[in-house]
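Please keep the sequence and the model in view while reading.

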Amino acid sequence: MFQDNFLWGASTSAFQVEGGFGQGGKGIATTDVRPKKVGIADTKVASDHYHHWKEDVHYMAQLGLSVYRFSFNWSRILPDGKNINYEGLQFYHQLIDECLKYGIKPFPTLYHFEMPQALVDNYGGWKSRQCIEDFAYYAETCFNEFGKKVDLWASINEMMVVTSAKELTGNISSFGDEARKEMYLMSYHMSLAEKRVIRIFRKLVPSGKIGHVCAMQTIYPASPKPEDIQASMSAKDFLQNCFLDMSVYGRYPQYYIHYLQEKGWLPEQSEADKELLQSEHPDFIGVNYYSSSCIRAVLPEDDLSKLPPFYQNENFTITNNPHISMQNEWMVSGIDAKGLYLGIRDLYERYHLPIIITENGLAYSDELSNGCINDDYRIEYLDAHIQQCKRLREEGYPLFGYCTWSLLDLVSSHQGFKKRYGLIYVDRTDEEVKDCRRILKKSFYWYQNRIKEGMN
C-alpha cells in the first residue's frame, strides 16, 4: 500500500505556463523565438502563471498536493546565459516560499526544453562544449540560491524530445545527416553537463536528491517475428536506454555505439569525459509516461523522413497497436495504463533506482459547458494509471511519488491551447488571451478526493 510519505503531486514547465515575456528582466528563450504557427498560441502569455502564481499555489493547497514539480526558466534567471537577473531569482523565491507555507515540497527541474537564445546565437547552444560550462554555472546559481529550501531536484527533462525537436534547442539551420549528427552530439554534451551538475550538487546540497527525467518507453514488438523483436530492442536503445544508461552508468548501449560508429556520428570522448561520466550518478529516475509504443522492422516502402529517431530510424518504425484502445485525436498511440506498470518494472530491473512519476496525463480539447468541465475521460485515465502505481508499490517497487500532467492547462509545445491536460481550466484560447481565469474541472475534485483517500 502507499505510505504516508508518498508524494502526491502535479507538474508544469516554465515556458508552457509562466508567460511574463519581457517582464521581470526575463531574457529571450529558444522557445520564445520558434516560428509562430498560425492559430496556435505562443509562450509570451502562456497560462499567465507569472501573474497568477499565488492563486495557483492556493489551488495546489486546496488540491492537497504534497509536491509541485515545475521548472526554472533558465532565461529568467540568466537572461543572456551569463549574468544573473536577481528579479528572476526573487520570482522563484516567492513561488517556493508560498509552496512551503502550505507544506508543498518544491521540486524544480533545471532544464525543461528552454534555454537562453543568446547561447545559441553565440556558439550554437548544446552543439558546443561551452554549453556544459554555462549550464553548470546556471545550476550552481540555482543551488546556491535555493538549496537551503529545496532538497528534491531534477536535472534534465526528456533528452530524447529536446534533442530531436530542433525548435527547442534553437538549432534550426541543419538538415538531413548533418542535423542527425548534431542531435547525437547535443545529447552527449547534455549528459556531460548533467554529470557536472550532479558533482556540484553533491557539494552545495549534500542532503538533497537529484534525478534524471526520462520519457519512459514501454515498447511492444508488432509480432513475434525475430525482425520485429530486434526492431523493438533497437527502438528502446535509441528512445530511452541511451539517455538513461549514460545518466546512471556513464556509458551508451553497445548497439547504439555500433550504429553511431558506422555512421561516423559517435562523439569523441576524452579520458576526462569518461571519468566524469562514470563517477557521478543520479539518486532517482523521474518517469514521464502517457502511452506505449508498438514497433516493427522497417520495410522498403517506408517513409523514413519523419524526425528520426523520434518516430523511426533505419532499424525500426512505430506502428499501430490493435490491442490498445484509442481515446482521442491527441493520444495517437492509444491509452495503455498497464504500460506504466510494465515500463517501470523494466526500468527498475535495469537501473535499480527509486522512481517518481513526474508526468502522466490525458490530453483532450476540453470545452466549457455552463461554466463547468465534466472531464470524466480524464478521471478514468488517471484512475487507471494510479491503480497501476498501487500495484507497483504492493509488489515492492520503490515508487515514491506520482505527479499528474498538468496542474492547469498550459500551452502545448506544438498544439497550443487546443490540447489541454490540466486539472484546472485556463480560460483563454489560441487566438484570444482573455483573462486566463482559473476554473476547477471535475478531475480536480476527483484528484483531491483520491489524495485524501490514498489507495484505499
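Helix H14 has 19 residues and spans 27 Å from its first C-alpha to its last, close to the 27 Å expected at 1.5 Å a residue; the expected span is 1.5 Å times one less than the number of residues. The model is predicted, so local features need pLDDT of at least 70 and side-chain atom pairs count only at pLDDT 80 or more, while totals for chains, interfaces and linings use all residues. Residues are numbered from 1 along each chain as its sequence is written, and side-chain values use heavy atoms, leaving out hydrogens and water.

- Helices (H or I, at least four residues) and strands (E, at least two) are DSSP runs, numbered from the N terminus.
- Among the buried residues of H14 are Tyr-377, Ile-379, Leu-382, His-385, Ile-386 and Cys-389; buried means under 20% relative accessible area, exposed over 50%, and partly exposed in between (1.4 Å probe, protein chains only).
- The elements that cover the buried residues of H14 include strand E1 (7-11), helix H13 (337-351), E11, strand E12 (399-405) and helix H15 (442-453).
- Just after H14, Gly-396 adopts a positive phi of about 95 degrees.

**Aromatic pairs**

- The structure holds 40 aromatic pairs; rings of Phe, Tyr and Trp (its six-membered ring) pair if their centres lie within 6.5 Å, and planes under 30 degrees apart count as stacked, over 60 as edge-to-face and the rest as tilted.
- Phe-6 and Trp-8 make an edge-to-face pair, with 5.2 Å centre to centre and 70 degrees between the planes.
- Phe-6 counts as buried because its relative accessibility is 3%, and Trp-8 counts as buried at 7%.
- Tyr-364 and Tyr-377 are stacked, at 3.8 Å centre to centre and 20 degrees between the planes.
- Tyr-364 lies in the loop between strand E11 (355-359) and helix H14 (376-394), and Tyr-377 lies in H14, so this pair ties together parts that are 13 residues apart in sequence.
- Tyr-364 is partly exposed, with a relative accessible area of 27%, whereas Tyr-377 is buried, with 18%.
- Ring pairs also link Tyr-50, Tyr-68, Phe-70, Phe-72, Phe-91, Tyr-92, Phe-143, Phe-146, Trp-153 and Phe-201 into a cluster.

**Charges over rings**

- The charged end of Arg-391 sits over the ring of Tyr-341, 3.7 Å from its centre; a charge sits over a ring if NZ of Lys or CZ of Arg is within 6 Å of the ring centre and within 35 degrees of the ring normal.
- Arg-76 lies over the face of Phe-91, at 5.6 Å from the ring centre.

**Strand E4 and its partners**

- Strand E4 (residues 152-157) is mostly covered, as 6 of its 6 residues are buried.
- Strand E3 (residues 105-111) pairs with E4 in the parallel sense over 2 bridges; two strands pair if DSSP finds at least two bridges between them.
- Thr-109 stands opposite Ala-154 in E4.
- E4 and strand E5 (residues 209-215) run parallel and are joined by 4 bridges, and the bridge partner of Trp-153 in E5 is Ile-210.

**A buried serine**

- Ser-187 lies in helix H9 (residues 176-204) and is buried, with a relative accessible area of 2%.
- Leaving aside neighbours within four places in sequence, Ser-187 is in contact (heavy atoms within 4.5 Å) with Met-159, Thr-163, Phe-243 and Tyr-252.

**Cysteines**

- The structure holds 0 disulfides, a disulfide being a pair of cysteine sulfur atoms within 2.5 Å.
- The sulfur of Cys-131 is 14 Å from the closest cysteine sulfur, in Cys-142, which is too far for a bond.
- Cys-131 is buried, with a relative accessible area of 0%, and Cys-142 is buried, with a relative accessible area of 0%.
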